[in-house]
Amino acid sequence: MSAVATHCPYCALQCAQTLTPAHPGVSVTGRAFPTSRGGLCQKGWTSGDLLTVADRLTTPLVRSRDGVLEPTSWDEALDLVATRLADLRARHGPDAVAAFGGGGLTNEKAYQLGKFARVALGTANVDYNGRFCMSSAAAAANRSLGIDRGLPFPLTDLAGADAILLLGSNLAETMPPAVAHLAGARARGGLVVVDPRRSATASLTEDGGGLHLQPVPGTDLVVLLALLHVVLGEGLADTAYLAQRTTGLAEVARSVAGWWPERAEQVCGLPAATLRRTARLLAAASVAGGGAGAFVLTGRGVEQSTQGTATVTAAINLALALGLPGRTGSGYGAITGQGNGQGGREHGQKADQLPGYRMIDDPADRAHVAGVWGVDPAALPGKGKPAVELLASLGTPEGPRALLVHGSNLVVSAPNARRVVDRLRALDLLVVCDFVPSETALLADVVLPVTQWAEEEGTMTSLEGRVLRRRKAVEPPSGARSELWVWSQLAARLGSPGTWSPEPAVVFDELARASAGGRADYSGLSHARLDGDEALYWPCPTRSGDEPHPGTPRLFLDGFPTPDGRARLVVVDHHGPADDLRPDARLHLVTGRVLQHYQSGAQTRRVAALAEVVPLAYVEIHPLLAARIGVADGEVVRLTTARGAVSVPARVTDTIRPDTVFMPFHWGGSGSVNRLTNDATDPISGMPEFKVCAVDVQPARLRDPREPREPREPREPEKVPR
């Protein structure tokens, strides 16, 4: 093969790459593209190394009677899976089986997984790890704006803004090429970063670049309520916009009247003067204030909370009060994290959704999709359990007895991870599709080796709603297969109705038909059209006549997709974290990513150039805390929450609040911070409260010798047959 133009396998920025086959693997170069401007981060530059990792899975594995994963043939593995699934469904009903997907799957795979679960398996129990990523932002945007598209505008629009309020996102480490789009606001002193750490992104506000706000963890909602209080109280709102384009102002104005800055200061820890200064800065940047425009952006730091939907709603309320959404050069947006976090939630692998952002409990939506699938609408199941609830039910008398996992490493990425491991072990059948022996694959009864990004065709949808082509650059190992092929084979063995093509272009065409008329309408797109145009944003419906629809780079310019065409301001209030500070846990634990690693680390921990920089988990603690508990930099400390304990080296740094510790989440085993995190969920979105919980931190040397030690990990990756 010759050089191939494609996109990075990691985050939703989807930086543009050129892959040139080399031996072994590929060489990677950046290419011109609006979002990444030819740049890549360390992960992107080294992404070619994923194709040649030493423990790549190349043959199906089945667990033997003595507990060892042993090689087998594809036919034997698929026959076993189909037989076990059919038996469990016959004995316990279709909801006895479940499927769990991922935000890294292509649009074609996300679509086909949702279809496979509901048609071939007949189960309501399907969800995906995007529930851990974008669900709060999606719920808030759907409720307030009528539609969820992470950024309802091109990322390049940020460059012209006078001010950008960024809450809960560390772009400089999670999406480094995106930082270039903050330069304009930074040059004008208008970059405002809300983060309890002085992260790499927060550091961009120094030297006149803007403001860094370090609130008490779990109080971002209070910050937003106070900002809106100032905007309304000081007459800074865009009254004409509010009157013409929104509803609900009076109720929201009454609700925020009680959050004057001095009161908010007592809860969030930010000086009242700073809150007023921030509100005035944003208002001056808005069009109504005479500025060039402003943006309010949210990320996981404020969304992964039991009040995540409320916090995003408050951010949207603030943006609406300033007249930002639906104006070119201004707006509200949520920064999607996973590579296909946007497309992954649009096409049916989410528990309550069908393709095109249709809802599974809407009769018209069910009828349309069932017609495309060639089944009776009444045969489709209803809503399933959201991810945390689904995982908690595995292996219980009322829950699924079998689980198929695609594109997710639950043992590392799910909250309260010890309980998740217990539930996975309680299953009668665990099937994992992966290209490396991840921590979740090591627990499986059947492991199916699948292709990865440079070995397959497909499409991805970026954080700005741009639909992009993923192109094959190299042949996969002879034993690896695409999930599309796997599902077609299992559907045939299960006697499923409908068609099950393994060809991505064919599946995309069916996806386009299923999405037609939905909020996320892809019906005007195809692989052939996307091959010639990288500037196509959904919705992109089919258009009669010779001219195809041009796509929709900017939403809301002519109105909101709500029954009355207006956005809704919605009343929300602060209740605080589910696991707040207490006498035996006096510190806040927050989690996040580091530059060199991605998500559960199953990929990046296998890339030597990245693993050598940050090989192990660690915890950041402030010098005042280090002095108080008597630990030095590099000394091992023990973190204990209501769910468990881990011991990791301390990094002493003044970039974090003295009452807060930070731990990245890219490691499993004894370095897994998700053994500590809280699986309490947002009542609207089902999002777990990853980002803050109460923790005790002590020197590991003081551990009580009578306390039980951490259990050994059952199987190491290098012992799995290849």
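Analyst: V97 has A402 of strand 16 as its bridge partner. The model is predicted, and this bridge belongs to the pairing of strand 6 (residues 97-101) with strand 16 (residues 402-406), which runs in the parallel sense over four bridges.

Both strands sit in an open sheet of seven strands, ordered 5-4-18-17-16-6-7, in which the pairing is mixed. Strand 5 (69-71) and strand 7 (126-128) are the edge strands, each pairing on one side only. From one strand to the next the twist averages 20°.

Helix 3 (residues 107-121) packs on this sheet and touches strand 6, strand 7 and strand 16. The direction of helix 3 makes about 175° with that of strand 6.

Helix 3 is also among the elements that cover the buried residues of helix 20. The others include strand 15 (358-359), helix 15 (363-373), strand 19 (458-461), helix 19 (483-493) and helix 21 (527-531). Helix 20 (residues 504-515) has twelve residues. From its first C-alpha to its last, helix 20 reaches 16 Å, close to the 16 Å expected at 1.5 Å a residue. The buried residues of helix 20 are P504, V507, F508, E510, L511, A512, A514 and S515. After helix 20 comes G517, with a positive phi near 85°.

Strand 2 (residues 16-21) and strand 3 (residues 26-30) pair in the antiparallel sense over five bridges. Within that pairing, L19 has V28 of strand 3 as its bridge partner.

A disulfide is a covalent bond between the sulfur atoms of two cysteines. With sulfur atoms required to lie within 2.5 Å, the count comes to zero disulfides. C15 is in no disulfide, and the nearest cysteine sulfur, that of C11, is 5.8 Å away. C15 has a relative accessible area of 6% and is therefore buried, the cut-off being under 20%. C540 also counts as buried, because its relative accessibility is 0%.

Technical notes. Residues are numbered from 1 along each chain as its sequence is written. This is a predicted model: local features need pLDDT of at least 70, side-chain atom pairs count only at pLDDT 80 or more; totals for chains, interfaces and linings use all residues. Side-chain values use heavy atoms; hydrogens and water are left out. Two strands pair if DSSP finds at least two bridges between them. Helices (H or I, at least four residues) and strands (E, at least two) are DSSP runs, numbered from the N terminus. Axes are lines fitted to C-alpha atoms, for helices over the stretch in contact, and angles run from 0 to 180 degrees between N-to-C directions. Contact means heavy atoms within 4.5 Å. Buried means under 20% relative accessible area, exposed over 50%, partly exposed in between (1.4 Å probe, protein chains only). The expected span of a helix is 1.5 Å times one less than its number of residues.
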